[in-house]
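Student: Could we go through a structure together? I would like to learn how its chains are described.
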Amino acid sequence: MAGQANPFSWRGLGAGFRGASAPAAGGFVFGIAFGLLADQVGLALSTAVLMSMLVYSGTAQFVSLQAWGDPIPLAAICGAILATNARYVLLGASVRPWFHGVGRLKTYASLFLLSEGNWAPALRERLEGRPDAAYMLGCGLAMYASWVSATALGHALGQLIPDPRAFGIDFVLLAFFTVVAAGVWRGRRDIAPLVAAVAVALAVGRLAPGHWYILAGGLAGSLVAALKVDRDA
Amino acid sequence: MTPDVAIALAVMAAVSYACRIGGFLLMRFAPIDAPRVRAWLGGIPIAIMGSLLAPALLKGGPAEWIGFAVAGGTYKATGSDIAAVAAAVLAVALVRTQL
């Protein structure tokens, strides 16, 4: 596949935008939750919305809110963002072949919107034989619009939603990850990487704060996959 | 907006974007076509999903476990991610009313 340029078309962009409905809906619910919490912590509407536009990472933003204060503990917040978003390093590495032959501006704009939410559908699209690199950007744009507008709405809503848990709304993201896991499952050869990832993620989650467990589990599982390449090839 | 908030947002944005392009830039120095690198990249999806799900499910209770099964089962049966997410959320809400 390397050596051959990937397409980057309006059609792929549109398909990605439409294909994002499930993660965008999940992101919308979380965006409202973030807006509500930001309001409670005392962030101005403009600050909350700008944070969603610039940082664009749900878990990192939630962690930042928890640490927010006066003066702003910037080092602690940056450490939290790094711990939460280090997993994007792996995602970013995995998309390198997808953008072979695609222009720089398009590539780095697409990377700005990189998250599990658009990476997973784009991966599925590629596995099904449609390698249009614009799909990830289209999907990301839909999620971005959803996340930013939901932040504003949540901030405005204040405390009108009594208990999101009672409606199972907090489960939306986990349900989506479950669907993605079922979609990317490649059968027997994924068993060892999955077991390694789960074991390491659980162990690191117990020992280290933040979201290091995602990076650790992702690294462990994918390295196991790399080590058994000789048997699978 | 006060300057300290503006500076904080700018630095937070830079850290976040650095994570997003970091792996992509590093791959410039790696042989993407080598079988082992391909196998490594191919192993990332299930490893990340397992790492995200397992701790969350362990921390959850019966409602989350049933929601997980309903999401996976509905997706296998229908192939629709929206149907699977909706069914799972409904299942979680229902189980929680019983607890």
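Tutor: We shall look at chain B and then at its interface with chain A. This is a predicted model, in which local features need pLDDT of at least 70, side-chain atom pairs count only at pLDDT 80 or more, and totals for chains, interfaces and linings use all residues. Residues are numbered from 1 along each chain as its sequence is written, chains are lettered from A and ligands numbered from 1 in the order in which they are written, and side-chain values use heavy atoms, leaving out hydrogens and water.
Student: How many helices and strands does chain B have?
Tutor: Chain B has 4 helices and 0 strands; helices (H or I, at least four residues) and strands (E, at least two) are DSSP runs, numbered from the N terminus.
Student: And how many residues of chain B touch chain A?
Tutor: 59 residues of chain B are in contact (heavy atoms within 4.5 Å) with 86 residues of chain A.
Student: Which helix of chain B gives the most to that side?
Tutor: Helix 2 of chain B does, with 22 residues. Helix 1 (3–26), helix 3 (62–78) and helix 4 (81–98) of chain B are also among the elements giving two or more residues.
Student: What area is buried there?
Tutor: About 6,400 Å² is buried between chain B and chain A, and carbon and sulfur atoms give 76% of this. Buried area is the accessible area (1.4 Å probe) that two parts lose on being put together, summed over both.
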